[in-house]
Amino acid sequence: MVVAPKMVVGVALVLVWAMVVMVPEVAATRWTVGANQGWTNNVNYTIWAQDKHFINGDWLFFVYDRNQMNVLEVNKTDYESCNSDHPLHNWTTGAGRDVVPLNVTRNYYFISGKGFCYGGMKLAVHVENPPPPPTASPVKSGSPSIYQNKLVLPALFAVSALWDALIHFR
């Protein structure tokens with residue numbers, strides 16, 4: 001039996017669609033530090049961060065005046081005392097638009113040196129692992145377990161599309 005090119009393309013598209021439907025959505029968040037005010041004086045970054053959940057894989061985006069400020073990652077002691085003498089990492093690139101990956105589950109501490117930390121330019125965030133995927137609810141007695149599986153509907157669509165492709169492209 002010779003397979004028509006249109007049928008191969010149709011089957012491939014259906015399979016790609018089925019894979020996309022079945023893959024759970026996981027997206028990192030890029031947090032603009034200080035929102036529309038950015039990384040600057042007179043912003044309470046503790047209040048800004050308090051209602052946010054920072055997840056492993058997120059990013060912090062610092063926007064600031066590159067001629068005056070910087071972004072330094074420090075330990076907790078240096079964060080509390082605004083000591084910028086020995087940063088763990090200097091994230092300052094010189095453009096005033098610095099992105100910091102939050103790729104380890106831990107506490108991060110950031111300050112701006114040059115005295116700006118004393119004006120409130122300091123941020124502490126706690127990075128957590130993503131929450132586990134939701135667990136399936138227990139199967140009620142008498143209900144068929146096949147419908148509890150999340151693959152049934154996409155698989156049904158895939159089989160239907162393949163059947164339709166075979167009938168129309170013969």
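**Around strand β7**

Modeller: Of the 170 residues of the protein chain, 28% count as buried. Buried means under 20% relative accessible area, exposed means over 50%, and partly exposed lies in between (1.4 Å probe, protein chains only). This is a predicted model, where local features need pLDDT of at least 70 and side-chain atom pairs count only at pLDDT 80 or more, while totals for chains, interfaces and linings use all residues. Residues are numbered from 1 along each chain as its sequence is written, and side-chain values use heavy atoms, with hydrogens and water left out.

Begin with the overall plan. The protein chain has four helices and eight strands. Both are DSSP runs, numbered from the N terminus: helices are H or I with at least four residues, strands are E with at least two. From the N terminus, the order is α-β-α-β-β-β-α-β-β-β-β-α. The chain exposes about 11500 Å², and carbon and sulfur atoms supply 61% of that area. Such areas come from the Shrake-Rupley method with a 1.4 Å probe; for residues, only the protein chains shown count as cover. Take the contacts between residues at least 6 apart in sequence: 68% of them join residues at least 24 apart. A contact here means heavy atoms within 4.5 Å.

Now zoom in on β7, which spans residues 107-111. This strand is mostly covered: four of its five residues are buried. What pairs with β7? Two bridges join β4 to β7, and these two strands run antiparallel. Pairing requires that DSSP finds at least two bridges between two strands. In this pairing, Glu73 has Phe110 of β7 as its bridge partner. β7 also pairs with β8, again in the antiparallel sense, over five bridges.

Arg106 forms a salt bridge with Glu73, with the closest N and O atoms 2.7 Å apart. A salt bridge is a side-chain nitrogen of Lys or Arg within 4 Å of a carboxyl oxygen of Asp or Glu. Distant parts of the chain are linked here: Arg106 sits in the loop between β6 (97-102) and β7, Glu73 sits in strand β4 (residues 72-73), and they are 33 residues apart. The two ends differ in cover. Glu73 is buried, at 4% relative accessible area. Arg106 counts as partly exposed, at 32%.

The structure holds two salt bridges. In the other, Lys52 meets Asp51, with closest N and O atoms 3.1 Å apart. Asp51 is exposed, with a relative accessible area of 57%.

Next, look past the end of β7. A disulfide joins Cys82 to Cys117, with the sulfur atoms 2.1 Å apart. In general, a disulfide is a covalent bond between the sulfur atoms of two cysteines. The rule used here asks for cysteine sulfur atoms within 2.5 Å, and by this rule the count comes to one. Why does this bond tie separate parts together? Cys82 lies in the loop between α3 (76-81) and β5 (89-90), and Cys117 lies in the loop between β7 and β8 (122-128), so the pair connects parts that are 35 residues apart in sequence. The torsion about the S-S bond is about -70 degrees, so the disulfide is left-handed. Both Cys82 and Cys117 are buried.

Finally, step back along the chain to β6. Three strands form an open sheet in the order β1-β3-β6, with mixed pairing. Its edge strands are β1 (30-32) and β6, each pairing on one side only. Neighbouring strands of this sheet are turned by 25 degrees against each other on average, direction ignored. β3 (residues 58-63) and β6 pair in the antiparallel sense over six bridges. Trp59 has Pro101 of β6 as its partner, and Asp58 has Leu102.

Terms used
Axes fitted to C-alpha atoms, helices over the stretch in contact; angles between N-to-C directions.
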